[in-house]
Amino acid sequence: MLIAGFPAGAWGTNCYLVAPAAGEECVIIDPGHQAAQGVEEALRKHRLKPVAVVLTHGHIDHVASVVPVCGAHDVPAWIHPADRYMMSDPEKALGRSIGMPLMGELTVGEPDDVQELTDGARLKLASMEFTVAHAPGHTKGSVTFTMPEAPGGADIPQVFFSGDLLFAGSVGRTDLPGGDQAEMLESLARVCLPLDDSTVVLSGHGPQTTIGRERATNPYLREVAAGFGDGFTAAPRRGM
């Protein structure tokens, strides 16, 4: 499997291109602010053909390049219906203006083809399967994508695209419109804790990690594992 990732734009949001191998079809995850050029460079470098864009949530730092990327390759974008409005109204999603100079660089709106994600769905795209888990807390429509371990005992671990649910050493913020601390706790417990320790976590911001490392060292995941104690506080600010 090929995963090419890079941080993009003002918020350093991780965009990923996922394919069975170089020279094949691929899926693009979270093409955010100023990600279009990086996407095109990765496509050329690895000789990839996009078949879809999938989105972990609707914040502008994750969706700002959806319209140009989908338009350039005539592919659909997949998003949870609770976050769909954010593509056309990013300032409402943040509860404040994100600034006119920045807005001037963005193509706000929906691509021509939008498909809606549902909890538990299994997306079969580019000869790969992504299992969708609805994981509200950061936004009402946040989702994660999990790819299974390689069959036949191959030494390829499960991969978990966590969006802004789980980071290395932290979790997503809950103080923006649609954020909810109780929902974040529930999503961490339901979605993250059952995953195997060897699962590779590729998040919306920051470096990759593993579930085992986060289970042992992430104060928020440890708090959830201990039973939703009183020590949970808002995560350090990262991304939006």
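**Stop 1: along helix α6**

Select E186 and R190: they sit about one helical turn from each other because they are four residues apart in helix α6. Helices here are DSSP runs (H or I, at least four residues), strands are E runs of at least two, and both are numbered from the N terminus. Before you go on, note that this is a predicted model, where local features need pLDDT of at least 70 and side-chain atom pairs count only at pLDDT 80 or more, while totals for chains, interfaces and linings use all residues. Residues are numbered from 1 along each chain as its sequence is written, and side-chain values use heavy atoms, with hydrogens and water left out.

Now show the side chains: E186 and R190 form a salt bridge, 2.9 Å from N to O. (That term means a side-chain nitrogen of Lys or Arg within 4 Å of a carboxyl oxygen of Asp or Glu.) E186 is partly exposed at 34% relative accessible area, and R190 is partly exposed too, at 35%. For the cut-offs, buried is under 20% relative accessible area, exposed is over 50%, and partly exposed is in between (1.4 Å probe, protein chains only).

**Stop 2**

**Stop 3**

Next, select R84 and E110, whose side chains meet in a salt bridge at 2.8 Å, N to O. The two are 26 residues apart, with E110 in the loop between α5 (100-103) and β6 (114-116) and R84 in the loop between β5 (77-79) and α4 (90-94). In all, the model has seven salt bridges.

**Stop 3: the two sides of α3**

Which residues of helix α3 are buried? Colour V66, V69 and C70, the buried residues of this helix (residues 66-73). Look down the axis of α3: the buried residues fall within an arc of 95° (taken from the directions from the helix axis to the C-beta atoms), so they line one face of the helix. On the other side, G71 and A72 are exposed.

Finish by showing what the buried face packs against: β3 (25-29), α1 (36-46), β4 (49-54), α2 (60-63) and β5. Contact here means heavy atoms within 4.5 Å.
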